[in-house]
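Dear colleague,

Please find the structure below, together with its sequence. My notes on it follow.

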Amino acid sequence: MNSTAQLHQLNPNAIALCALGRWVANRQWVPATGGNFSIRTGDNSALVTASGKDKGELSPQDLLPVSWQGQQLSCTGTPSAETALHAMLYQLNPATKAVLHTHSVQATVFSRLIAQNNYLFAGYEMQKAITGISSHEQLLPLAIFDNTQDIPALAAELNLRWHQQPLQYGLLVRGHGLYVWGNSLEQAKRHLEGWEFLINCELERFKIAGLP
Ligand SMILES: CSCCC(=O)C(=O)COP(=O)(O)O
Ligand SMILES: [Zn+2]
């Protein structure tokens, strides 16, 4: 391990991210090595989970230093297969400090029930868990993207959609999972719980009232 990598692993945020991985895994939101996480380390760099790791059993050496110039990624190991999406989220907003991607059953099923590329949440007090939302009456959009194995193409689509309307700290990839981010790791965790709660509420409502 080189000295830069060693330094990153002393980063308290790296230790906090590993602990958060255990918290997320306890909620069954990252089964079978699904999901990936990152924390920003500089203007054009982040620590990203290594591909294929159990996200509930991370240690700091499983967080790989990645840097980018536009869509060009550099890393000495094999970071998450979805690193290009993390890099795009960091480039779209310099304030973004952490990105979390999960594969909960609820988010995955919900994303397949919604045909549109945007779903509007309304009427939930818990919408206020998402930064910038101060009332249940404020409409809260969740962007939905079709899944693809071409992650750079998905990142390009995200870039396009963001410039039409900045996203609200979350997006769904259809049949795949949820991405959330935040201006700190704590904020990203709150957004993850908030979006999961809202998605669960809508799924429960669909069971009773039917699909919209
Ligand atoms: C069995 S999980 C399929 C890949 C995926 O969607 C994911 O989130 C995990 O990929 P990674 O390369 O980050 O481990
Ligand atoms: Zn995934």
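This is a predicted model: local features need pLDDT of at least 70, side-chain atom pairs count only at pLDDT 80 or more; totals for chains, interfaces and linings use all residues.

In these notes, a residue is called buried under 20% relative accessible area, exposed over 50%, and partly exposed in between, with a 1.4 Å probe and protein chains only as cover. By that rule Ala-32 is exposed, with a relative accessible area of 76%.

Residues are numbered from 1 along each chain as its sequence is written, chains are lettered from A and ligands numbered from 1 in the order in which they are written, and side-chain values use heavy atoms, with hydrogens and water left out.

Backbone and loops

Ala-32 sits in the loop between α2 (12–26) and β1; here helices (H or I, at least four residues) and strands (E, at least two) are DSSP runs, numbered from the N terminus. Its phi is positive, about 55°, although Ala-32 is not a glycine. Most residues other than glycine have a negative phi. Tyr-169, in the loop between α5 and β8 (170–173), is likewise not a glycine and has a positive phi of about 65°. Tyr-169, however, is buried, with a relative accessible area of 14%.

Two further loop residues may be noted. Asn-44, between β1 (36–42) and β2 (45–49), is partly exposed at 35% relative accessibility. Its C-alpha lies 9.7 Å from that of Leu-73, and 29 residues separate Asn-44 and Leu-73 in sequence. Thr-78, in the loop between β4 (72–75) and α3 (83–92), is exposed at 58%. Thr-78 and Leu-192 are 114 residues apart in sequence, and their C-alpha atoms are 25 Å apart.

Helices

Helix α5 (residues 151–164) has 14 residues and reaches 20 Å from its first C-alpha to its last, close to the 20 Å expected, the expected span being 1.5 Å times one less than the number of residues. Its buried residues are Ile-151, Leu-154, Ala-155, Leu-158, Arg-161 and Trp-162. They lie on the same side of α5 because they cover an arc of only 125° around the axis, the arc being that of the directions from the helix axis to the C-beta atoms. The face turned away from this buried side carries the exposed residues Leu-160, His-163 and Gln-164.

In α4 (residues 105–113), Ala-107, Thr-108, Phe-110 and Ser-111 are buried. Their arc is only 165°, so they too share one side of α4, while Val-105 and Arg-112 are exposed on the other side. Helix α3 is mostly covered, with nine of its ten residues buried.

Ligand 1

Which residues come nearest to ligand 1? Of the 14 residues around ligand 1, they are Asn-36, Ser-51, Gly-52, Ser-80 and Glu-82, where a residue is near if one of its heavy atoms lies within 4 Å. Oxygen atoms of ligand 1 lie 2.7 Å from a polar backbone atom of Gly-52 and 2.9 Å from one of Ala-81. A polar side-chain atom of Glu-82 is 2.7 Å from an oxygen atom of ligand 1. Each is a polar contact, that is, a pair of N or O atoms within 3.5 Å.

With kind regards

Technical notes. A polar contact is a pair of N or O atoms within 3.5 Å; within protein, one must be able to donate a hydrogen and the other to accept it, and residues adjacent in sequence count only if both atoms are side-chain atoms.
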